[in-house]
Amino acid sequence: MNVMTRLFTAAAVAAVFAGCATVTRPAHDTLVARGGESADAPKNTMAAFRLALERGFGFVCEVARSNDGRVVAFQDGTEGSPAPLEDVLELARNDRPIYIGAKGGAEIVPAIKSAVAAQPAATPRNVIFQSFCPDCCKALKEAIPDYRVVLLSKLEGIASAGDLVAKAREAGADGVGVRFDPDLVNEEFVTAVKGEGLSFNVWTLDELPLVLRAFAVGADTVTTNCAKQMFDEYCALYAPEMQSHSEFEERMIDGAAFPSAQVHGF
């Protein structure tokens with residue numbers, strides 16, 4: 001990132017956060033790599049998943065049921081032979097969750113349950129399931145109740161936080177993941193949803209000002225195609241003096257407070 005770009009981005013971000021008391025920072029445990037680190041490896045592949053973990057990030061793996069009834073990593077444009085879900089779950093670690101995005105409806109759930117049972121590395125601490133299909137979410141929660149389930153939404157037909165909460169409750173979900181619409185998803189909206197005990201994820205953001213804006217309104221996590229890039233850009237803008245394993249104090253930029261960041265040494 002050159003100097004002019006850094007100055008422009010800093011000004012844009014400061015404008016976004018004018019009036020905000022604090023800003024939740026991009027970090028290894030708040031940025032989620034969609035399809036793994038898909039900016040630097042083929043998306044939704046074992047290579048991309050491993051790269052995400054090597055860089056310290058959890059990741060999203062989209063799965064579908066194959067013709068022979070197995071559950072495999074599948075996303076439009078995925079290269080090579082799809083990895084079985086059991087192989088993906090073997091990468092599970094407690095500090096960086098794997099988000100399994102189930103394609104289709106409830107018919108995939110029995111195969112997912114079998115894959116989870118066959119992989120001892122998978123636990124409710126390190127695997128989260130998500131789906132756009134309310135029936136799939138409900139079936140997942142019934143089949144593997146100890147695991148967290150997130151209802152994904154494009155916010156179509158959603159006019160208020162209450163609408164989204166009602167859909168999440170109907171689906172039996174523990175949280176929501178939404179396409180970021182800054183006109184709707186403001187601090188009041190997110191606070192209302194989280195006030196009902198639901199986690200709040202935003203997807204898929206690949207520009208730092210939008211990532212920080214999502215955190216500023218209260219998002220717990222942000223899904224991105226370039227987790228390392230977003231983290232590095234944040235550190236370059238707000239922590240140029242930062243070194244590995246170091247911390248720096250919160251500082252004010254045009255009236256907005258940007259919390260300290262920490263590199264975990266991945």
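Which unit do strand 1, helix 2 and strand 2 make? In this predicted model, strand 1, helix 2 (residues 46-54) and strand 2 form a β-α-β unit, and the unit is right-handed. The two strands of this unit, strand 1 and strand 2 (residues 58-65), are paired in the parallel sense, with three bridges between them. Within that pairing, Ala33 stands opposite Phe59 of strand 2.

Strand 1 (residues 31-34) also pairs with strand 9 (residues 221-224), in the parallel sense and over three bridges. Here Ala33 has Thr224 of strand 9 as its bridge partner. Ala33 therefore has a place in both pairings, since two strands pair if at least two bridges are found between them, with Phe59 opposite in strand 2 and Thr224 as the partner in strand 9.

Packing between helices was examined next. Helix 4 (residues 109-118) packs with helix 5 (residues 134-143) at an angle of about 40°, and their axes are 10 Å apart. Because of this angle, helix 4 is oblique to helix 5. The crossing in which helix 4 passes helix 5 is right-handed. On the side of helix 4, the contact is made by Val109, Ile112 and Lys113, and on the side of helix 5 by Cys136, Ala139, Leu140 and Ala143. Of the residues in this contact, six are nonpolar, one is charged and none is polar.

Helix 6 (residues 161-171) and helix 7 (residues 187-194) have axes that come within 9 Å and cross at roughly 30°. The angle is under 35 degrees, so helix 6 counts as roughly parallel to helix 7. Helix 6 passes helix 7 in a crossing that is right-handed. Ala161, Leu164 and Val165 of helix 6 make the contact with Phe189, Ala192 and Val193 of helix 7. By class, the contact of helix 6 with helix 7 has six nonpolar residues, with no polar and no charged ones.

For helix 8 (residues 208-216) and helix 9 (residues 227-238), the axes come within 10 Å, and the crossing angle is roughly 90°. An angle of 65 to 115 degrees counts as roughly perpendicular, which means that helix 8 is roughly perpendicular to helix 9. Helix 8 contributes Leu208, Val211 and Leu212 to the contact, while helix 9 contributes Met230, Glu233, Tyr234, Leu237 and Tyr238. The residues of the contact of helix 8 with helix 9 comprise seven nonpolar, no polar and one charged.

How values were computed
Residues numbered from 1 in each chain as written. Predicted model: local features only at pLDDT ≥ 70, side-chain atom pairs only at ≥ 80, totals over all residues. Heavy atoms only, no water. Axes fitted to C-alpha atoms, helices over the stretch in contact; angles between N-to-C directions. Helix = DSSP H or I, 4+ residues; strand = E, 2+ residues; numbered from the N terminus. Parallel < 35°, antiparallel > 145°, perpendicular 65-115°, else oblique. Left-handed = near helix turned anticlockwise from the far one by under 90°. Contact = heavy atoms within 4.5 Å. Nonpolar A, V, L, I, M, F, W, Y, C, P; charged D, E, K, R; others polar. Right-handed = clockwise from strand over helix to strand, strands pointing away.
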